[in-house]
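Dear colleague,

My notes on it come directly after.

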Amino acid sequence: MEILGVSDLNAGYYKIPVLSEVNLTVPEGSICAIVGPNGSGKSTLLKTIFGLTTVYSGRIKFNGKDITHLKPYEKVKLGMSYLPQTGNVFPNLTIRENMIMAGYLLSKKEIKERMEEVLKMFPIFNISMDKKVSTLSGGERQMLAMAMSLMNRPSLMMFDEPTANLSPKLAYQVFEKIEELNESGITIILVEQNVKRALEISDIAYLLVSGRVRFQGDSNELLGHPELGRLYLGIS
Ligand SMILES: Nc1ncnc2c1ncn2[C@@H]1O[C@H](COP(=O)(O)OP(=O)(O)OP(=O)(O)O)[C@@H](O)[C@H]1O
Ligand SMILES: [Mg+2]
């Protein structure tokens, strides 16, 4: 079953086109990697799915519903979450306050219930809920951003380079967490600069080059592709 379907999508920023004729199918329960060179449109694709760019033509379907022109908060309500690379936490607030902010679409009762539920998955925050986020490490902030997203019980989570600027050890922990979220039933779309690791943990992959889909298929196939990996992804 497809959870997300993008068809014949042309999109960009106001009058600057970036994505051309993009087709994408993400099966429910899968991890889908989106890879490609710098400036190829990976972030633009995630932003477009979430409703933050200009769609010129084409369609985006989520759980069978046309969501092409819905606002981001409406998509959150339907179960979609988007974690941009930066700016996804409020550094001047505490961990608790960040979690409450993340639940702004929810009632007080729901916030309380879901916070308890989410903290079970992120026990490191339990002991330090009143700590300022500005004192957290990059890895801890990434974990907090994930915890915040979970407040809205997403069925699809989209990550834009979640391990950028993290040490190898912290990056490993973030990848482990993403796999754990997937095992709990959440479908994942992952844009990653660590292409090899992204292809290893994902089921299917899309290679974007200059705003167009250059390859789609099994992640293993792309990982072992004699030409594409070397040409566009720095793997051989
Ligand atoms: N806000 C914007 N306004 C206009 N053009 C933009 C904007 N953001 C990105 N672009 C352009 O869109 C194209 C695709 O950029 P995008 O950020 O989607 O690429 P990317 O694949 O995510 O690259 P990277 O690997 O460097 O993160 C680039 O040519 C970029 O200059
Ligand atoms: Mg990007």
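This is a predicted model: local features need pLDDT of at least 70, side-chain atom pairs count only at pLDDT 80 or more; totals for chains, interfaces and linings use all residues.

Ligand 1

The residues around ligand 1 include Tyr-13, Ile-16, Val-18, Pro-37, the run Asn-38, Gly-39, Ser-40, Gly-41, Lys-42, Ser-43 and Thr-44, and also Glu-161. Both β2 (16-27) and α1 (42-50) contribute at least two residues to this shell, and α1 provides the largest share, three residues.

An N or O atom in the side chain of Tyr-13 is 3.5 Å from a nitrogen atom of ligand 1. The side chain of Asn-38 places an N or O atom 3.0 Å from an oxygen atom of ligand 1, while for Gly-39 a backbone N or O atom lies 2.8 Å from a ligand oxygen atom. Of the 640 Å² that ligand 1 exposes when taken alone, the protein buries 59%.

Helix α6

Helix α6 comprises 16 residues (168-183) and reaches 22 Å from its first C-alpha to its last, close to the 22 Å expected. Its buried residues are Ala-171, Val-174, Phe-175, Lys-177, Ile-178, Leu-181 and Asn-182. Seen down the axis of α6, these residues fall within an arc of 160°, and they therefore line one face of the helix. They pack against several elements, among them β3 (31-35), α4 (108-121), α5 (138-150) and β8 (187-191). The face turned away from the buried side of α6 carries the exposed residues Lys-169 and Glu-183. Just after α6, Gly-185 adopts a positive phi of about 110°.

With kind regards

Terms used: Residues are numbered from 1 along each chain as its sequence is written. Chains are lettered from A and ligands numbered from 1 in the order in which they are written. Side-chain values use heavy atoms; hydrogens and water are left out. Helices (H or I, at least four residues) and strands (E, at least two) are DSSP runs, numbered from the N terminus. The expected span of a helix is 1.5 Å times one less than its number of residues. Buried means under 20% relative accessible area, exposed over 50%, partly exposed in between (1.4 Å probe, protein chains only). The arc is that of the directions from the helix axis to the C-beta atoms. Contact means heavy atoms within 4.5 Å. A residue is near a molecule or strand if one of its heavy atoms lies within 4 Å of it. A polar contact is a pair of N or O atoms within 3.5 Å; within protein, one must be able to donate a hydrogen and the other to accept it, and residues adjacent in sequence count only if both atoms are side-chain atoms. Accessible areas come from the Shrake-Rupley method with a 1.4 Å probe; for residues, only the protein chains shown count as cover.
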